[in-house]
Amino acid sequence: SRTLLRVEDLKVDFQVPGGVVQAVRGVSFRVRAGSTVALVGESGSGKSVAAQSILRILPRNATIADGRILFDDGVVNEGSGPVDIAALKADGTAMRALRGGRISIIFQEPMTSLSPLHTVGDQVGEAVRLHQRVTARQARTQAEDMLRRVRFPDPKRALDTYPFELSGGLRQRAMIAMALVCRPALLIADEPTTALDVTIQAQILKLIKDLQADLGMAVLLITHDLGVVANLADEVVVMHRGRIMESGTREDIFADPRHPYLKALLRAVPRFHMAPGERLVPIRSITSEGGSLLEKDHQPWPPGADAAGPLLAVEGVRKRYGARKAGWFGAKAGAGTLAVDDVSFTIAR
Ligand code: ATP
Ligand code: MG
């Protein structure tokens with residue numbers, strides 16, 4: 001199918017006290033219309049920054065330093081070719097029409113999208129009215145229809161509930177309804193289910209898959225869960241320290257031994273059932289702000305492994321979160337917060 005999104009040599013810099021952090025360092029990939037592309041990689045590798053670039057919701061101290069983000073859904077530019085999102089004004093009319101209209105995003109934490117002060121019906125309806133000239137009544141009807149599609153048990157009643165009255169799973173569904181009510185051509189899902197328990201996770205992922213088929217949209221799925229990648233992705237893009245390490249079809253990436261990095265990543269993810277003697281294998285320099293996870297444990301896997309030393313060693317890890325995560329619809333950017341500052345611990349075998 002045709003190319004919906006083409007990211008070409010994208011570079012994103014952060015101004016930080018004492019210099020510049022190059023969070024994304026020349027990234028290229030594409031998303032075909034209707035397909036699912038999984039974006040994977042260690043914490044801090046630049047996945048969220050790449051996603052925020054596509055929606056132009058980067059923190060205030062970040063700039064797109066180079067590259068193009070070509071989007072062509074056959075609708076923008078009145079169907080006459082792609083628009084370069086990297087060249088648009090982040091808060092200009094064209095970008096506001098794209099954001100939430102043709103491209104939407106959902107996050108791990110639904111309350112970053114939902115306001116606690118308004119009913120679900122008002123918020124999903126408002127998403128419609130930002131993009132279409134409709135009456136409040138028509139917006140409410142569309143909201144109800146979308147709440148039905150995301151399988152609210154009682155969509156009509158849900159219109160008048162507040163987010164705090166809902167369970168975590170239903171809040172997630174309300175956020176998805178808000179993101180999809182304008183039928184975007186591209187949904188970006190940034191670790192959409194990480195905070196949910198396992199059964200709800202599976203339901204939400206199934207829902208996204210079903211809605212994707214119903215609405216014909218493409219999904220750019222950011223996840224740490226390689227089981228999810230194996231289930232949902234047509235193509236996989238692996239990031240490492242702001243660059244693309246590997247990319248290819250799901251079959252290529254999982255089967256082909258020429259993709260050693262993803263294999264290492266697979267082994268570095270702790271699973272519930274680890275075989276006796278099986279061990280976590282390190283990936284160097286897991287955060288770009290210093291520190292390392294599992295750094296000492298660089299040995300062949302799995303057999304013959306020595307049983308000495310800790311199972312997991314975390315050393316001096318620093319992790320910065322973008323303050324932007326509040327309210328992407330009218331997002332006010334802010335400086336990053338250091339969420340984890342120099343954390344070290346070990347877990348014994
Ligand atoms: P995770 O899996 O933990 O969500 P990620 O791959 O999404 O990680 P990003 O959030 O994209 O990682 O961050 C990439 C890099 O960008 C970080 O390592 C950090 O150096 C830098 N960065 C992100 N946000 C900020 C900020 N607000 N200020 C300064 N640097 C930042
Ligand atoms: Mg992220």
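Mentor: Start with a definition: two strands pair if DSSP finds at least two bridges between them. Keep in mind that this is a predicted model.

Trainee: How do you know that β1 and β2 pair?

Mentor: Count the bridges. Strand β1 (residues 3-16) and strand β2 (residues 19-32) share 11 bridges. The cut-off is at least two. So they count as paired, in the antiparallel sense. Valine 7 stands opposite phenylalanine 29 in β2. Phenylalanine 14 stands opposite valine 21 in β2.

Trainee: What do β1 and β2 form, and what lies between them?

Mentor: They form a hairpin, with two residues between them. Glycine 18 sits in the turn and has a positive phi of about 90 degrees.

Trainee: How do you know that β1 also pairs with β4?

Mentor: β1 and strand β4 (residues 62-71) are joined by eight bridges, in the antiparallel sense. Pairing needs at least two, so β1 and β4 pair. Here valine 7 stands opposite isoleucine 69 in β4.

Trainee: And what makes β4 and β5 a pair?

Mentor: Two bridges, antiparallel. The rule asks for at least two, so the pair counts. Phenylalanine 71 stands opposite valine 83 in β5.

Trainee: In what order do these strands lie in their sheet?

Mentor: The order is β2-β1-β4-β5, an open sheet of four strands with antiparallel pairing.

Trainee: Why are β2 and β5 said to stand at the edges?

Mentor: Each has a single partner strand, so one side of each is left without a neighbour in the sheet.

Trainee: Which strands make up the six-stranded sheet?

Mentor: The order is β6-β7-β8-β3-β9-β10. This sheet is open too, and its pairing is mixed. The edge strands are β6 (103-107) and β10 (243-249), each pairing on one side only. Neighbouring strands are turned by 15 degrees against each other on average, direction ignored.

Trainee: How do you know that β9 and β10 are paired?

Mentor: Six bridges join strand β9 (residues 235-240) to β10, and the two run antiparallel. At least two would do, so they pair. As an example, glutamate 235 has threonine 249 in β10 as its bridge partner.

Trainee: Which helices pack on this sheet?

Mentor: Helix α1 (residues 47-55) packs on the sheet, touching β3, β6, β7, β8 and β9. Its direction makes about 150 degrees with that of β7. Helix α6 (residues 168-180) packs on the sheet as well, touching β6 and β7. The direction of α6 makes about 170 degrees with that of β6.

Trainee: Why are α3 and α4 called roughly perpendicular?

Mentor: Check the angle. The axes of helix α3 (residues 120-129) and helix α4 (residues 136-149) cross at roughly 115 degrees. The range for roughly perpendicular is 65 to 115. Therefore α3 and α4 are roughly perpendicular to each other. Their axes come within 8 Å, and the crossing is right-handed.

Trainee: Which residues of α3 and α4 meet?

Mentor: From α3 come Gly121, Val124, Gly125, Val128 and Arg129. In α4 they meet Ala136, Ala139, Arg140, Gln142, Ala143, Met146 and Leu147. By class, that contact has seven nonpolar, three polar and two charged residues.

Trainee: What makes α3 roughly parallel to α6?

Mentor: The angle again. α3 and α6 pack at about 25 degrees, with their axes 8 Å apart. Angles under 35 degrees count as roughly parallel. That is why α3 is roughly parallel to α6. This crossing is right-handed.

Trainee: Which residues are in that contact?

Mentor: Val120, Gln123, Val124 and Ala127 in α3 meet Ala174, Ala177 and Met178 in α6. Six are nonpolar, one is polar and none is charged.

Trainee: Where is the confidence lowest and where is it highest?

Mentor: It is lowest in strand β11 (residues 292-293), at a mean pLDDT of 40, and highest in β4, at 98. The chain's mean pLDDT is 81, and 73% of its residues reach 70 or more. Over residues 270-274 it stays under 50. Residues 320-339 are below 50 too.

Conventions
Residues are numbered from 1 along each chain as its sequence is written. Chains are lettered from A and ligands numbered from 1 in the order in which they are written. This is a predicted model: local features need pLDDT of at least 70, side-chain atom pairs count only at pLDDT 80 or more; totals for chains, interfaces and linings use all residues. Axes are lines fitted to C-alpha atoms, for helices over the stretch in contact, and angles run from 0 to 180 degrees between N-to-C directions. Angles under 35 degrees count as roughly parallel, over 145 as roughly antiparallel, 65 to 115 as roughly perpendicular and the rest as oblique. A crossing is left-handed if the near helix is turned anticlockwise from the far one by less than a right angle, and right-handed if clockwise. Two residues are in contact if their C-beta atoms, placed from the backbone, lie within 7 Å. Ala, Val, Leu, Ile, Met, Phe, Trp, Tyr, Cys and Pro count as nonpolar, Asp, Glu, Lys and Arg as charged, and the others, Gly among them, as polar. pLDDT is the predictor's confidence in each residue, from 0 to 100.
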